Structures are given as structure tokens and as C-alpha cells.
Amino acid sequence: MNKIEKEKQTSSADKKRIPAPCVIVIFGATGDLTKRKLIPALYDLYTEKMLPEKFKILGITRGKLSDPDFRQRMKKAHDEFSKSKDTGDQWERFSESLHCCPIDYDSRDSFENLKKTLQKIEGDYNIPGNHLFYLAIPPSAYLPVVQQLGVVGLNKPVNGEWTRIIIEKPIGYDLKSAKELNEKVGEVFNEDQVYRIDHFLGKETVQNLLAFRFANGIFEPIWNRHYIDHIQITAGETVGVEGRGGYYERSGALRDMIQNHLLQVFAHTAMEAPVRFDADAFRDEKVKVFESVKPISNEEVDTIAVRAQYTRGKMDGKEVPGYKEEEGVDKNSVTETYAALKLHINNWRWAGVPFYLRTGKRLPKRVSEVILVFKRIPHQIFQSDTGLGDGEIDANILAIRLQPDEGISLRFGAKVPGQGMKIKPVTMKFDYETTFNTKLADAYERLLLDAMLGDAALFARHDGVEASWRILMPVLEAWENSTVKALPTYEAGTWGPKEAEELLNRDGCWWRECL
């Protein structure tokens, strides 16, 4: 293939990633998610020429707001949060796409007005009737909005165009409420119109986990119980509840992080290769993973799950309050800010391999990573130079860093220079920024673009959501029915409670430090 043919092929591939002209309707247009993530992501897509030539963004607000005022608010959000800084009149051109419409979630008349507003925008700017609705609103408002969209007919595409809806996490509070939400949404929208978003799946490194496994013949053959001792998945946060104590009291770490983010990464790590990379085949394999997880009995919850709360401590040299001292938190709270869980998968690939998941607030480092710990050599013939004093050579470790400092490292043993045969662990490392000389796109960029293109592979399907809840319900029910008056604690700025260490120590393992 000559240079011109390659350039034509590349150009053709790029064109396939440009969506059809559409109107993006954002419910909760003045909320935190819109300001911090959605508008910056859409602006960045615009500057990267990934949006269609004709598009509009219609912000839906609870109160009246003029288009100029809305644009001014979004300009402030752009200045604070966008990675693409304004050059020339780029923002001015982008801001011409921003419009605003007030609404009352319980009023049919409001939604009839929304329908007329959409029709006017499409007529004035010659945009076909493609609609992407984004629910950047509290979960309690999901159903009223979905139902009103159905009442006025905005759920049904017309004239061969498309209509899609993006629903933010959390999808339900438990299995029962998740099923109810899915059923109610399913009464208004077809499943192929519904995009349940988890921004973790939009991260380049989460997607690269799949490429690393299924595009490299060297790794896939050893990605199983024959070679892997155990797997650790960590999502650590340095922040506390950040003024959201009231929300966090109803959620907790298990619901907030493990049910969605960590279980999604868990599925990516454990799934079989799909027969093809399309939405249904890909999500089928993830559901199979969830359905293969060994059910947790009520009697074993205390041996496979740990919860704890952070207490007062120091972060970056500054003293921070404990969880029970945070605004909006019950002084007698038993809501966990740290959760760790051991899971087993009952299938041929993973039988006997424990997966350890942990997440927590006020940990020493903001980090998300997957650690594969390989089995040790069966017979030791060399001396170890690890300094551990036990003569054992460290296990090989494959670490996939999802954020920050995104990359992959492999630890293996190498001979120390000099006399004798001492073995010391060394690390071979790849990082995205250095290799590709570029900043990774924000997850919302990828996911918004995929939704406009109709690619649902990185969005959760209803059965996957319910299957992930099914895994955790025994733990949630045991914790909610427990009579404990206080949880184990860990000091802010440390890696968690001793009970979490004991969870692994019982199996002869320990948590790997996130360096």
C-alpha cells in the first residue's frame, strides 16, 4: 500500500467516527457534572473536529435562564475545567451552539414546550431530528423525565433518524430498585436506545486492558489459573466526602465504587474474548463473568468482605477531619468509606484464583490499577537479593495503571551484576504520555462520541447492571442487618484498616503498594 492509499484509508476511517448532525439535550445543564465534564468534553471534541458540522446543545434547567446567560456560565466552566484552552474565537463559535430551555419535570406542558423548542432549532438550523438526551440529574428525577419524554413522543425517532438517552450511575440503590428502573425505562425506550454510562469504561487504559489481553499472543496464553496466583484491583481516592456527606451516608464505598467502577474493571480483566468487537458480543462476555461469580452466602460475608471508616489524620502534611466529623454525616454512622472484597469465578479459566477488590477515601494516593500476581517458581535454585530475608524470589507482577500516570509495568527477576547468582526484581515499564506523546482524552469525550455514533460497547446493558447488583446483595444485606455500633477505622492518609490486610494475609498474600 503506497502513502496516498494509506492517507485515504486513514481519512476514511476518521470520517466514520464523525456522528450525524444532532441536538444534544442535557438535563441538569447548570449542575456540577455538566460544568466539570460534559461541556468541557463537548468543547474538546469540537476543537478536535470530532463533532458533526451541524449540532446544537440544548441545556435543560429548572429555572429560567437566557441563552446569553447560559453561555456565560458555560464559558466559566470551560475556562476552569477544559484541557483545550480557547484560541482565537473557537469558544465564540462553539458557544453559538448552546441554547437553554426551562422545564418542570412533572409538567407535560413543559415537555411539550421542549418538543417545540427542538423542532424550532432543527428547522432554523437545518438539523435532522437526531436527539441525544443526557440525564445529568439526581437519580430520583430519572423516571419523571423518562416518562414525560414518552408522554410527548420524544422517545420515538421519526423519519429514519435516531433518539438515544444516556443515564448516569447509580442505576438503582440495590437489585430491586435497579430492576424497577430498568423495567420503567424499558417501557419508554428500547434497550438499544439506552446508554447507561460509567465513565471508568471511557478511560483509554481500561480499553487498553482489552487490547493488551487480546492483541498480544504473549500474554493471553498465561492469563489464567495455571499461571496467575491472584489479582488485585484498587481504586484509591485522596479526597473525603467533599461536602456530600448526606449523599454518601446513603451510598457508601461498596455502592459508590465497587458495584459499578470496580466490577466493570473486574469483568474486563476476567472476560473471555468476544467473537467480534461489537456491543452485544462484548457485553455478553461481561455478563457471563458476573453470572460466574461464586455466590456469597450470608455466613461468609465477614470472611470475604471488609468495611471501615477514616478517622482524623494528615493528607499532604495537613490535618483533615474524620468521616464522622464531616458535614452531613451522622455521628453514629456505620457507613463505610473503605470497602474490600474477595471474589471467586466458577469457570475453567479462573477456578481457584481469588480476585481482591478495594476502594477507599482519604487514602495516600489517588490511583486506580489492576495487579496480576503470578505464581512463584516451583523450585528455588538462586539466591534472592530482595532484602526480605526469607530467601524467596519475588513473584512476577504485571501492573496496569488506569489512572494517573497511565501505563503498564512488568516486574521480573534479573541477575545482580558481579560474582554469584543473586536475583533482584527489576521493572520494565511503558507509559502512554511518553510513548504516544499525547495527553489521553477525557473519558466523557469517548463516551459522548460513542453515544452519538450509536456504539454501545462501553455502556452497561440492563442484564449486566442487575448481575453486578446480584453479586453484592448478600454483603449489602448483611451489613444493613448488622447490629455493630462502630466500624473498624483507618487513619486518613493510610492504606486502610488492618482487617483489609488480614483479608489477604489469610491466603498468604498482601496488598501491593501503589507507588
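Modeller: Let's start inside. The largest nonpolar core has 144 residues, and those with the most contacts inside it are Phe27, Leu114, Leu149, Phe266 and Leu448. A nonpolar core here is a set of buried Ala, Val, Leu, Ile, Met, Phe, Trp, Tyr and Cys residues joined through side-chain atoms within 4.5 Å. Buried means under 20% relative accessible area, exposed means over 50%, and partly exposed is in between (1.4 Å probe, protein chains only). Helix 10, residues 253-270, gives the most to this core, with 10 residues. Apart from it lies another core, of five residues, including Ile371, Val373, Ala395 and Ala399.

Before we go on, a word on where this comes from. This is a predicted model, where local features need pLDDT of at least 70 and side-chain atom pairs count only at pLDDT 80 or more, while totals for chains, interfaces and linings use all residues. Residues are numbered from 1 along each chain as its sequence is written, and side-chain values use heavy atoms, with hydrogens and water left out. Helices (H or I, at least four residues) and strands (E, at least two) are DSSP runs, numbered from the N terminus.

Now look at Phe266. If you skip its neighbours within four places in sequence, Phe266 is in contact (heavy atoms within 4.5 Å) with Ile233, Val289, Phe290, Val293, Leu343, Ile345, Phe355 and Leu357.

On to the backbone. Most residues other than glycine have a negative phi, and most peptide bonds are trans. Lys169 and Pro170, though, are joined by a cis peptide bond, with omega about 0°. You'll find Pro170 in the loop between strand 5 (163-168) and helix 7 (175-188). Another cis bond runs from Gln403 to Pro404, with omega near -20°, and Pro404 lies in the loop between strand 15 (397-403) and strand 16 (407-415).

Asn159 has a positive phi, near 55°. It sits in the loop between helix 6 (142-151) and strand 5, and Asn159 is exposed, at 74% relative accessible area. Glu242 also has a positive phi, near 50°; its loop is the one between strand 7 (228-236) and helix 9 (245-251), and Glu242 is exposed at 61%.

Last, the cysteines. A search of the whole structure finds zero disulfides, a disulfide being a pair of cysteine sulfur atoms within 2.5 Å. Take Cys100: the closest cysteine sulfur, in Cys101, is 7.4 Å from its own, so that is too far for a bond. Cys100 is buried, at 12% relative accessibility, and Cys509 is buried at 7%.
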